[in-house]
Amino acid sequence: MMTKILVLKLSKEWYDALSFSKRSVWQLQLKNRVSGHWKVNFTRVAKVDYVIAMYAGKVLADYTLGNNLTMERSEGRITDLDLRDAKNATGLVGESLDYKTANPSTIKELNELEELVIISEDDPSISVDYSFGGGSASVVKDDVTYEFTITDFDENDYGDVGVEVIGDNHSFVIDDVYNRNSLPDRDVKGAPEYLNGIERDIEDSVKAGLSEI
């Protein structure tokens, strides 16, 4: 069975309006933008497995579709996609695609998009090992290995936690990655999957920052 993907391309105006100061903020802004006002066939969208958001050929996020779709009949536009974070289930998040269509909303098979992934020899090889509290990362680029330490830090008195990535040639901070007070105990049903998901999200954010080396 083929996996169908709804590909939504953001305009420069919308992309530039995103606030990248906090990951949680721009993720919410992106999701809100992707959720609505696309001119696509309602019947075809109902058969879609995943939705990806893309800007300038790069896949920013992927989502699954919930049960509710809202359509504006007079304009033929979907005004509300019920989106759920797919946590890179497509394997395309962070990849650049040679996707040249000018249509902002199209439907493709996953295997078609995988064939369009651009492989650059200049891209660094990045590995990240993180768990709550900190971790490490390494980047190999042009046969040179760069090492980094990852440290959690308290942003305020309310339990909000950020992550600092420190290396000899490149350092940066990711704000507001989780809240200590809202983390469940690991022995609670469903907690391990939830906590592992947060850790993987942080790893993805670190990789995105290190890709700029």
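1. Basis of the note. The model is predicted, so that local features need pLDDT of at least 70 and side-chain atom pairs count only at pLDDT 80 or more, while totals for chains, interfaces and linings use all residues. Residues are numbered from 1 along each chain as its sequence is written, and side-chain values use heavy atoms, with hydrogens and water left out.

2. Strand 1 and its partners. Helices (H or I, at least four residues) and strands (E, at least two) are DSSP runs, numbered from the N terminus, and two strands pair if DSSP finds at least two bridges between them. Strand 1, residues 4-9, pairs with strand 5 in the antiparallel sense over 5 bridges, and with strand 2, residues 50-55, in the parallel sense over 5 bridges. Leu6 stands opposite Ile107 in strand 5, and Leu6 also has Val51 in strand 2 as a bridge partner.

3. The length of helix 5.

4. Burial along helix 5, and Ile202. Buried means under 20% relative accessible area, exposed over 50%, and partly exposed in between, with a 1.4 Å probe and protein chains only. The buried residues of helix 5 include Ala191, Leu195, Glu199, Ile202, Glu203 and Leu210. Ile202 has a relative accessible area of 2%. Leaving aside neighbours within four places in sequence, Ile202 is in contact (heavy atoms within 4.5 Å) with Tyr130, Val163, Val177 and Tyr178. From Ile202 to Ser136 the separation is 66 residues in sequence and 12 Å in space, C-alpha to C-alpha.

5. Two positive phi angles. Most residues other than glycine have a negative phi. Asn88, although not a glycine, has a positive phi of about 60 degrees; Asn88 is placed in the loop between strand 4 (77-85) and strand 5 (105-109), and is partly exposed at a relative accessible area of 28%. Asp143 likewise has a positive phi, near 65 degrees, in a residue other than glycine; Asp143 lies in the loop between strand 7 (134-141) and strand 8 (144-154), and is exposed, with a relative accessible area of 79%.
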